[in-house]
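Dear colleague,

I am passing on the model that we discussed, together with my notes on it. Please read the notes with the structure open beside them.

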Amino acid sequence: MEPSVQQTSVEQAAVETQQAAAETQRFTLRGLRWWIAGLLTLITVVNYIDRAALGVVGPTLKKELAIDEVSFSYMVIAFQIVYGFMQPFAGRIIDWLNIRVGYAAALAWWSIAQTITGFATGWRSLAFFRAILGVGEAGNFPGAAKTVSQWFPPKERTVAMGVINIGSGVGSMIAQPLVVVLILAYSWRAAFLATGIAGFVVLALWLFVYRSPETHPWLSEEERERIRSGGALLKVAEPPREKGVLKLVLPQKNFWALAIARFLSEPAWQLFTYWIPFYLMTERGVNLKQVAYFAWVPFLAADLGCLFGGVLSPFFMKMGARVLTARKLAMTVPAVLMTLAALTGKAPSVELAILFFSIGAFSHQAISSTLLTLPADVFPSRTVATANGLSGMAGYAGGILFTWIVGQVARSIGYGPLFIGIGVFDLIGALTLWTLLREPRGEEQAA
């Protein structure tokens, strides 16, 4: 061998050795996918603190700005309409853009909106600012679902979504005492300002931490291979790129099964998020400080429900159930538990009313862990965020309708019939899944 050739071979071997050593020494974070899920949970906590803050300041607004239950319902509906309408658009944008950029834009938008809400002067300006909040917050769950579909193998997705969905309960739970303390120490305006600033903190954290699993420098090759090799639980064919996303999603019975289930499920969470302080103060006679003592408990139960719902599907699969059968069972079990929420209005004490509230919140979040995961199971990967957003819009249509009903019914005849309604809605939703949801066929997806 000629000397120049030998020298080249030696140099190449040295370079390869250096590259191998660098790869060995590269910083990696064990279980990075779960750290990503934890980050999404933290962002969801802030998301729900921001939206739940309005429910906590509601009784104060009633005194200081003469806002009654009907006007308050209009403020909530303003958020719900925009939030629900924007979810498919937010999902479409996130499907189109880089997740890191699209999710960051949504987070920045809703943090600005929360901050400026403190400058409202009446129910109309509050409704306007809440509508602006809904534009940004609409990106949270479509973005989370898309991230989970890329970072987790299918068998872990319901658990991951359950962990992320804990943020909704934690945020709503923290909002109760946090906002009360801010109101008593400063003012209701300071409550919006402080919670809005928290969003910018987690925005900086997201931009620092998040990269895709293909390019993330902290992801070990072992974990990257685990994510890639998880395999699909269901065979969902990737359709031609030229076929529009909406045409892939809307005609399918699976979408309508999911949309109807979410339409029926969402009213319960809207009742828990916005109306607990009103209910406790108007029908149970508690004061603002007592609201801080009691109102966080259902959201702690909701967090436990997220974990319960996340492990139900894997449990039924280990018992031999097929994937979608396991998902249906995972909705049916908490839907049966939800019927106990119908007893809230007749509870003989505040403590028992909170107990039935808590069972309802636990059951709802267990259901949500399944419903938020299903788009990744039955739709092509490039449509997951869009399908999640469209079904979320259907859910918020149910929430909007129910919120309007609450505003009318609560003032005239009380909350009792509303609790009965949320107690049976999810049973109908579970029946819908059993009737319509089917394993996707490759020819339907690729047609």
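Among the contacts in the chain with a separation of 6 or more, 86% are between residues 24 or more positions apart. Please keep in mind that this is a predicted model. The secondary structure comes to 19 helices and zero strands, and 57% of the 447 residues of the chain count as buried. The chain exposes about 18300 Å², of which carbon and sulfur atoms supply 67%.

Helix 2, helix 3, helix 11 (253-282) and helix 15 are the elements that give two or more residues to the lining of the largest cavity. By class, that lining is made up of seven nonpolar, six polar and three charged residues.

The second largest cavity has a volume of about 40 Å³, and its lining consists of Ala145, Val148, Arg157, Met161, Leu372, Thr373, Pro375, Ala376 and Val384. Two or more of these residues come from each of helix 6 (140-151), helix 7 (157-185) and helix 16. The lining of the second largest cavity divides into seven nonpolar residues, one polar and one charged.

Is Thr373 buried or exposed? Its relative accessible area is 2%, so Thr373 falls under the 20% limit and counts as buried. The side chain of Thr373 reaches the backbone oxygen of Ser369 at 2.7 Å.

Not counting residues up to four places away in sequence, Gln365 touches Asn165, Ser168, Gly169, Trp269, Ala302, Gly305 and Cys306.

Tyr83 lies in helix 3 (residues 69-96). Because its relative accessibility is 1%, which is under 20%, Tyr83 counts as buried. Which residues is Tyr83 in contact with, leaving aside its neighbours within four places in sequence? They are Arg51, Gly134, Glu137, Ala138, Phe141 and Tyr396. With Arg51 there is a polar contact between the two side chains, at 3.3 Å. Tyr396 is 313 residues away from Tyr83 in sequence, yet the two are 7.5 Å apart in space, C-alpha to C-alpha.

Leu280 has its place in helix 11 and is buried, with a relative accessible area of 0%. Leaving aside neighbours within four places in sequence, Leu280 is in contact with Gly285, Val286, Phe294, Ala295, Val350 and Ile354. The C-alpha atoms of Leu280 and Gln290, which are 10 residues apart along the chain, are separated by 8.9 Å.

Finally, I looked at one of the open sites, the second largest pocket, in which about 230 Å³ of space lies. The residues that line this pocket are Thr28, Leu29, Arg30, Gly31, Arg33, Trp34, Ser220, Glu222, Glu223 and Arg226. At least two of the lining residues are supplied by each of helix 2 (32-64) and helix 9 (221-228), and helix 9 gives the largest share, which is three residues. In terms of class, the lining of the second largest pocket divides into two nonpolar, three polar and five charged residues.

With best regards

Technical notes:
Residues are numbered from 1 along each chain as its sequence is written. This is a predicted model: local features need pLDDT of at least 70, side-chain atom pairs count only at pLDDT 80 or more; totals for chains, interfaces and linings use all residues. Side-chain values use heavy atoms; hydrogens and water are left out. On a 1 Å grid over the protein atoms alone, a cavity is a set of points where a 1.4 Å probe fits but cannot get out, and a pocket is an open set with protein on both sides within 12 Å along at least five of seven lines; lining residues have an atom within 4 Å of a point. Grid points are joined across faces, edges and corners, and a volume is the space filled by probe spheres set on the points. Helices (H or I, at least four residues) and strands (E, at least two) are DSSP runs, numbered from the N terminus. Ala, Val, Leu, Ile, Met, Phe, Trp, Tyr, Cys and Pro count as nonpolar, Asp, Glu, Lys and Arg as charged, and the others, Gly among them, as polar. Buried means under 20% relative accessible area, exposed over 50%, partly exposed in between (1.4 Å probe, protein chains only). Contact means heavy atoms within 4.5 Å. Accessible areas come from the Shrake-Rupley method with a 1.4 Å probe; for residues, only the protein chains shown count as cover. A polar contact is a pair of N or O atoms within 3.5 Å; within protein, one must be able to donate a hydrogen and the other to accept it, and residues adjacent in sequence count only if both atoms are side-chain atoms.
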